[in-house]
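Here is a short briefing on charged side-chain pairs, written to be read next to the model. Have the viewer open and follow along pair by pair.

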Amino acid sequence: MQIAAIIMAGGKSSRFDFTKIEIEYQEKLLLPLGGKYLIEHVIDAILASKRINKLIIAVSSFTPHTKSIIKTLNLPIELIETPGAGYHSDLKFIIKKLKLGITMTVVADIPLIKPDILDEIINIYFILNKPALTVMADMRLFNQHGLTPTIVFPSENDQKKLIPVGINIIKGDAIDQQELDQAILISERIELIYNINTINDYLKLKKKIWK
């Protein structure tokens, strides 16, 4: 079974210090990486996925240049403008407006994401058979690679510290539920921990991968 995917691309990028680099557009998703914009790496992975048949990119008034650039790519993408009221509020807006069923959400700042990773996550979602799934990584993985996450959650059953990587799946008709039966997938894929939130994240990844 194939599902829809949404790239959330309407955030303010308030943690990113644009004063330390010279770029054409001061929007995080248009940072240059390996001859492409940051968001293009995520787009490429989703379009190459075997389990995703529809790609929606959510922009807002905070990302006008991102919206314009995406329009010029001439790819099978549906653009939707959200109120820019926050991740969860905008996601609910999209799912209801487009009447989406099972939907994967992907943040636009994990440029090392690969289609096989997305397909693996979708396969696990259907095996676990829960209304929602959140992908997380163990703090240990971040420590091994010298990375500092911005959000850390303690797990319920042990002393692990878990970090959300920005990939979730949810049934569209469950979006309004206050308490959702949610599965947690703890991934060991290092591609998921290179999330660009700050200028240091960007410079470190650029030096490590795209020299």
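In this predicted model, Lys92 and Asp176 pair up through their side chains in a salt bridge, with N and O 3.5 Å apart. Lys92 sits in helix α3 (residues 87-98), while Asp176 belongs to the loop between β9 (161-170) and β10 (182-186), so this contact ties together parts that are 84 residues apart in sequence.

**Exposure of this pair**
- Lys92 has a relative accessible area of 32%, which makes this lysine partly exposed.
- Asp176 is partly exposed too, at 41% relative accessibility.

- Asp181 makes a salt bridge with Lys130, and their closest N and O atoms are 3.2 Å apart.
- Because Asp181 lies in the loop between β9 and β10 and Lys130 in the loop between α4 (115-128) and β7 (132-138), the pair ties together parts that are 51 residues apart in sequence.
- Asp181 counts as partly exposed at 41% relative accessibility, and Lys130 is partly exposed with a relative accessible area of 32%.

**Asp44 and Lys36**
- Another salt bridge brings together the side chains of Asp44 and Lys36, at 2.4 Å from N to O.
- Asp44 is partly exposed, with 31% relative accessibility, and Lys36 is partly exposed with a relative accessible area of 33%.

**Overall count**
- How many salt bridges does a search of the whole structure find? The search finds 11.

Definitions and conventions
Residues numbered from 1 in each chain as written. Predicted model: local features only at pLDDT ≥ 70, side-chain atom pairs only at ≥ 80, totals over all residues. Heavy atoms only, no water. Salt bridge = Lys/Arg side-chain N within 4 Å of Asp/Glu carboxyl O. Buried < 20%, exposed > 50% of the residue type's maximum accessible area, 1.4 Å probe, protein only. Helix = DSSP H or I, 4+ residues; strand = E, 2+ residues; numbered from the N terminus.
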